[in-house]
Amino acid sequence: MTTSLLIVDDSTFSRNMIKRVLPNNWDVDVTEVICGEEALEVCELKQFDVIFLDLTMPDIDGLDVLLELNKRNYNSRVFIISADIQESSKQIAKERGAIDFFPKPIKTDTLLAMLQHHEVV
Amino acid sequence: MTTQQEFTDYQIDALKELANIGMGRAGAKLSEVFEHRVTLNVPNVAMVDEDKLNSLALKFETGSPIVNIIQQSFIGEIEGRSAFIIGGHNFADLVNILGYEEDDAIDEGRQKEMLMDVSNAVNSACLSGLAEQLELDIELTNPSIVAFNTPNSTLKDFFFKQKHQETHQTLLFEIKFFIKDINLYCDNIISLKISSLENLRNALERLL
């Protein structure tokens with residue numbers, strides 16, 4: 001079954017790096033957005049199975065996106081992929097429903113292990 | 001070869017992201033040192049005239065009239081320098097936050113040492129994000145304080161008095177930190193020498 005994946009990151013380079021390390025055997029349909037506001041807009045229109053969410057973004061940051069998704073009772077498996085590696089950021093993200101947190105730059109093996117651990121692939 | 005066209009939009013985007021990784025590490029370090037959450041913003045990366053560096057310093061928002069500037073160079077496969085600006089807080093309080101003894105707070109030598117320690121930690125973290133990803137070897141030189149407990153209004157007299165000799169253009173990385181709980185502002189302004197841009201561009205091409 002195809003997994004719908006939303007990648008939320010303001011950097012094209014970063015989104016490309018994430019796509020580059022997706023597991024080869026993962027049947028996935030990728031949607032990309034470049035900011036928190038766009039993420040909330042597409043989530044209005046579509047139910048994504050998995051979201052890869054950046055934290056530091058120019059408009060609505062990732063932590064606020066999580067807050068808004070919670071308000072909407074949006075049911076998706078959200079993984080944080082961020083350069084903001086403060087313990088407080090990890091803690092807030094988990095409190096707001098993120099399943100796991102991965103520091104950038106993310107590597108193929110790390111991503112695969114994370115997805116397998118959470119039985120996404 | 002004097003414009004931002006030396007780098008494509010995608011290359012600048014990649015450099016921002018690499019700076020973002022360094023900023024994240026530096027933010028975590030600051031958070032650890034001050035024991036408070038650090039607010040991070042998307043870094044600014046651009047080719048600018050070196051005069052712009054002075055204007056950035058003058059725009060530094062402190063909420064306090066007193067600031068400190070610590071300058072540090074890096075050498076190796078890419079070279080340049082950084083100015084770490086810290087302000088927005090009474091320095092004696094800052095010393096207490098950092099957990100030093102009360103006697104240290106009035107010792108100017110110890111105060112400067114503390115500032116250089118913080119600057120060194122932030123610069124190491126910021127530059128590591130760039131250098132590690134690009135597989136470039138760089139080394140930080142010892143930091144030096146160019147403005148100590150200085151009135152904000154006189155910053156222009158201290159900041160980057162000496163331009164890089166060969167050009168007026170520089171690649172700028174501007175990284176901002178804010179610790180809301182203790183009203184502490186830090187800017188890390190990193191500028192690369194034009195002579196380093198070819199190495200940087202080649203390393204970027206390998207990564208992309």
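**Strands.** I started with strand β1 (residues 3-8) of chain A, which six bridges join to strand β2 (residues 28-33) of chain A, and the two run parallel. My helices (H or I, at least four residues) and strands (E, at least two) are DSSP runs, numbered from the N terminus. Strands pair for me if DSSP finds at least two bridges between them. I looked up A:T3 and found its bridge partner in β2(A), A:V28.

Then I followed the chain from β1(A) through helix α1 (residues 12-20) of chain A to β2(A), a right-handed β-α-β crossover (with the strands pointing away from me, the path from the first strand over the helix to the second runs clockwise).

**Bookkeeping.** This is a predicted model, where local features need pLDDT of at least 70, side-chain atom pairs count only at pLDDT 80 or more, and totals for chains, interfaces and linings use all residues. Residues are numbered from 1 along each chain as its sequence is written, while chains are lettered from A and ligands numbered from 1 in the order in which they are written.

**Back to β1(A).** Four bridges also join β1(A) to strand β3 (residues 50-53) of chain A, again parallel. Here I saw A:I7 with A:F52 as its bridge partner in β3(A).

**Helices.** How do helix α2 (residues 36-45) and helix α3 (residues 62-71) of chain A cross, and at roughly what angle? I got roughly 25°, with the axes coming within 9 Å (lines fitted to C-alpha atoms over the stretch in contact, angles from 0 to 180 degrees between N-to-C directions). That makes α2(A) roughly parallel to α3(A), as angles under 35 degrees count as that.

Definitions and conventions. Angles under 35 degrees count as roughly parallel, over 145 as roughly antiparallel, 65 to 115 as roughly perpendicular and the rest as oblique.
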